[in-house]
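Biologist: I am new to this one and would like to understand the words used for it. Could we go through them together?

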Amino acid sequence: MNILNNLKTRIKQKYFDRYLTIDQAKRITPQAFLESIGVHLAHHCNLHCYSCDNFSQLSKPGYYDIEVFERDLERLQSITNGMIREFYLLGGEPLLNKQCSSYFNIVRKYFHHTEIHMITNAILLPKQNQHFWDSARVNKVHIRPTKYPIDIDWETIKNKCKEEGVALEFFNDEKVEKLSFKTSLDPEGKSIPFESFVNCHRANACTQLYNGKIYPCPPLAYINIFNEKFSQNLKQTPEDYIDIYQDGITYEKILDFLARPVPFCRYCKTKKMVYRPWLRSQKTLDEYFS
């Protein structure tokens with residue numbers, strides 16, 4: 001029996017890497033419709049996390065132009081017929097954008113049944129005016145704070161949300177503080193795109209909309225921030241995104257696109273994205289290259 005078990009173990013070790021796990025298979029299977037799509041209300045942040053994969057700690061102040069945002073959502077609604085389960089309004093830190101309530105209105109205008117989640121570090125939440133809270137309530141926005149190991153008066157925030165009739169749901173476990181993870185990039189682009197893709201937790205899950213284009217992940221959508229900060233040249237090509245204004249674009253084409261690797265995947269070392277206790281960024285290149 002021991003000999004047989006040892007043989008089975010060796011066979012498993014030899015051939016395991018040739019097969020996909022269920023999670024990996026889901027990444028290369030087109031969705032029936034978009035489960036979620038994220039948009040930056042602000043590119044920059046007031047917290048500056050280590051190795052942020054949105055490059056928010058590296059970004060100059062910047063926003064998703066609200067007129068472009070509305071035009072893009074109108075176009076996206078016409079393509080999807082409003083069939084997107086969740087909108088994530090994030091950044092950076094979205095509350096750095098003083099027009100948050102107007103963005104809430106726009107999303108609800110075009111997506112009547114989609115859930116709207118605002119992902120925030122909550123630092124600025126107690127400072128929001130009544131117009132913000134009224135818009136969040138009317139548009140059924142879910143406030144989704146991430147719990148970082150910083151000094152936040154959570155009881156006051158909980159009471160305020162309850163008082164205003166606005167849903168409060170922690171993005172991570174309320175009892176577990178946020179971890180940091182290393183966004184490992186390959187400056188020479190020698191990673192195998194398929195392997196990077198199937199091992200990436202963002203694949204077919206962290207779709208981004210920005211300036212009329214749909215990107216499969218935040219690092220690709222905002223790589224210009226990284227390149228500018230560190231004088232790098234990780235190239236974004238037309239094959240790395242979907243232009244929603246291109247003739248002949250259908251929902252099916254978007255869903256198929258999101259379920260396959262793109263050329264930019266060659267820059268990602270997804271197997272080396274290890275977690276560690278949360279820490280602040282030093283804004284150095286070795287947070288990404290090493």
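Modeller: Gladly! Let us begin with exposure: a residue counts as buried under 20% relative accessible area, as exposed over 50%, and as partly exposed in between. Please keep in mind that this is a predicted model.

Biologist: Then why is N211 called partly exposed?

Modeller: N211 has a relative accessibility of 36%. That value falls between 20% and 50%, so the label is partly exposed. As for its place, N211 sits in the loop between β6 (208-210) and β7 (213-215).

Biologist: Which other residue has a positive phi, near 65°?

Modeller: That is H48, again a residue other than glycine. H48 belongs to the loop between β1 and α3. With 28% relative accessibility, H48 also lands between the two cut-offs, so H48 counts as partly exposed.

Biologist: Let us step back to the whole chain. How many helices and strands does the chain have?

Modeller: There are ten helices and nine strands. Of the 290 residues, 51% count as buried. Along the principal axes, the C-alpha atoms fill a box of roughly 70 × 50 × 45 Å.

Biologist: How do you know whether the radius of gyration agrees with that of a compact globule?

Modeller: For 290 residues, a compact globule would have a radius of gyration near 19 Å, and the chain has 20 Å, so the two agree. On contacts, among those with a separation of 6 or more, 80% come from residues 24 or more positions apart.

Biologist: Now the rings. How many aromatic pairs does the search of the whole structure find?

Modeller: The search finds 18 aromatic pairs. One of them joins F55 and F226, with 5.4 Å from centre to centre and 45° between the planes.

Biologist: What makes F55 and F226 a pair, and why is the pair called tilted?

Modeller: Two rings pair if their centres lie within 6.5 Å, and these are at 5.4 Å. Planes under 30 degrees apart are stacked and those over 60 are edge-to-face, so the 45° here makes the pair tilted.

Biologist: Are F55 and F226 buried or exposed?

Modeller: F55 has a relative accessible area of 0%, and F226 likewise has 0% relative accessibility. Both values are under 20%, so F55 and F226 count as buried. Ring pairs also link F55 and F226 with F230, Y288 and F289 into a cluster.

Biologist: What is the volume of the largest pocket, and which residues are closest to its centre?

Modeller: The volume is about 1100 Å³. The lining has 41 residues, and D53, N54, F171, K178 and F181 are the closest to the centre. Two or more lining residues come from each of β1, β2 (84-91), β3 (115-120) and β5 (179-181). By type, the lining divides into 19 nonpolar, 17 polar and five charged residues.

Biologist: And what makes a cavity something other than a pocket?

Modeller: In a cavity the probe fits but cannot get out, whereas a pocket is open. The search finds one cavity of 30 Å³ or more. The largest cavity has a volume of about 150 Å³. Its lining has 13 residues, with F197, C200, P216, C217 and C265 nearest the centre; nine are nonpolar, two polar and two charged.

Biologist: To finish, why is T120 called buried?

Modeller: T120, in strand β3, has 2% relative accessibility, which is under 20%, so T120 counts as buried. Beyond four places in sequence, T120 touches E93, L95, I143, R144, P145 and T146.

Biologist: And why is I254 called buried?

Modeller: I254, in helix α10 (residues 251-258), has 0% relative accessibility; that is under 20%, so I254 is buried. Apart from neighbours within four places, I254 is in contact with I79, I214, I242 and I249.

Note on methods:
Residues are numbered from 1 along each chain as its sequence is written. This is a predicted model: local features need pLDDT of at least 70, side-chain atom pairs count only at pLDDT 80 or more; totals for chains, interfaces and linings use all residues. Side-chain values use heavy atoms; hydrogens and water are left out. Rings of Phe, Tyr and Trp (its six-membered ring) pair if their centres lie within 6.5 Å; planes under 30 degrees apart count as stacked, over 60 as edge-to-face and the rest as tilted. Buried means under 20% relative accessible area, exposed over 50%, partly exposed in between (1.4 Å probe, protein chains only). On a 1 Å grid over the protein atoms alone, a cavity is a set of points where a 1.4 Å probe fits but cannot get out, and a pocket is an open set with protein on both sides within 12 Å along at least five of seven lines; lining residues have an atom within 4 Å of a point. Grid points are joined across faces, edges and corners, and a volume is the space filled by probe spheres set on the points. Helices (H or I, at least four residues) and strands (E, at least two) are DSSP runs, numbered from the N terminus. Ala, Val, Leu, Ile, Met, Phe, Trp, Tyr, Cys and Pro count as nonpolar, Asp, Glu, Lys and Arg as charged, and the others, Gly among them, as polar. The radius of gyration is taken over C-alpha atoms; the globule rule is 2.2 Å times the number of residues to the power 0.38. Contact means heavy atoms within 4.5 Å.
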